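This report describes a ligand site and the residues around it. The sequence and structure are shown first.

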Amino acid sequence: MTSQADSTLAIGESLAAARQRLTQALAAAGRPAESARLLAVSKTKPSALMRDAWHHGQRDFGENYVQEALDKQHQLADLEDIVWHFIGPLQSNKTRDVAEHFDWVHSVDREKIARRLNDQRPATLDKLNICLQVNISNEVSKSGVSLEALPELVERVLEMPNLCLRGLMAIPAPSSTLAEQREPFARLNHTLMSLQERFPEASLDTLSMGMTSDLEAAVLEGATLVRLGTAIFGERD
Ligand SMILES: *Cc1c(COP(=O)(O)O)cnc(C)c1O
């Protein structure tokens with residue numbers, strides 16, 4: 001049986017290893033040490049492990065399922081400076097919960113969802129940080145706005161007063177070589193740069209890309225927020 005102390009130790013070690021991996025990837029890319037940060041993806045993992053990670057200095061957490069996230073937020077309500085990111089597919093009937101209880105949403109891919117989040121964001125809270133999810137390698141999954149439709153969606157979201165558009169997110173189709181992994185990330189990076197030129201007044205500073213299997217490729221192509229689940233919390237069932 002694993003004791004509480006053992007799991008704290010285990011999370012401390014895996015988190016340290018994940019930070020080390022990010023530090024090395026940034027160095028290999030010739031980038032400044034603090035130019036990307038870790039988002040700990042905690043879907044399906046118990047809140048006790050998240051609390052351990054928090055005690056080891058982790059603040060940003062990513063969740064995919066609204067009800068699971070709300071339950072964990074309740075259990076972790078005493079951790080005041082925790083930052084909640086919603087990264088999963090978002091249906092219209094769940095936007096109110098997300099608008100009321102998260103700091104970031106990475107998975108906005110259509111105007112209707114953005115508008116609902118904007119309209120439902122409580123006036124008492126800061127603007128909701130948004131990344132637009134882009135279908136960068138024509139994934140089998142239907143999530144993500146196409147590159148063709150992206151500029152129009154950016155214009156619409158920039159008009160929404162309760163949202164702060166921060167950048168782009170993608171989940172490329174899996175590939176095994178570093179060169180193949182880099183390709184879609186490079187495309188996303190170039191897309192963000194062209195949006196920065198076209199909308200210089202916007203706060204477009206975020207590339208949410210890279211997971212346990214492709215962190216190095218994402219960092220080489222400019223990721224600023226890497227979303228690590230397995231590397232921190234272990235395999236999911
Ligand atoms: C689950 C998930 C992750 C983390 O994946 P790992 O391979 O476990 O690191 C990252 N991003 C999204 C959108 C996810 O759903």
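Predicted model: local features only at pLDDT ≥ 70, side-chain atom pairs only at ≥ 80, totals over all residues.

## Largest pocket

The largest pocket holds about 380 Å³ of space. Its lining consists of 19 residues, and those closest to the pocket centre are Lys 43, Asn 64, Ile 171, Met 211 and Arg 227. By class, the lining of the largest pocket comprises seven nonpolar, nine polar and three charged residues.

## Ligand and its shell

The ligand sits in the largest pocket. Around the ligand are Val 41, Lys 43, Asn 64, Ile 87, Ile 171, Met 211, Thr 212, Arg 227, Leu 228, Gly 229, Thr 230 and Arg 236. This shell divides into five nonpolar, four polar and three charged residues.

## Polar contacts and cover

Thr 212 places a polar side-chain atom 2.5 Å from an oxygen atom of the ligand. For Thr 230, an N or O atom in the side chain is 2.6 Å from a ligand oxygen atom. Gly 229 contributes through its backbone: one of its backbone N or O atoms lies 2.9 Å from an oxygen atom of the ligand.

On its own, the ligand has 390 Å² of accessible area, of which the protein covers 89%.

Note on methods:
Residues numbered from 1 in each chain as written. Heavy atoms only, no water. 1 Å grid on protein atoms, 1.4 Å probe; cavity = no way out; pocket = protein on both sides within 12 Å on 5 of 7 lines; lining within 4 Å. Points joined across faces, edges and corners; volume = space filled by probe spheres on them. Nonpolar A, V, L, I, M, F, W, Y, C, P; charged D, E, K, R; others polar. Near = heavy atom within 4 Å. Polar contact = N/O pair within 3.5 Å; in protein donor to acceptor, adjacent residues only side chain to side chain. Areas by Shrake-Rupley, 256 points an atom, 1.4 Å probe, with all protein chains shown as cover. Sits in = over half its atoms within 2 Å of the grid points.
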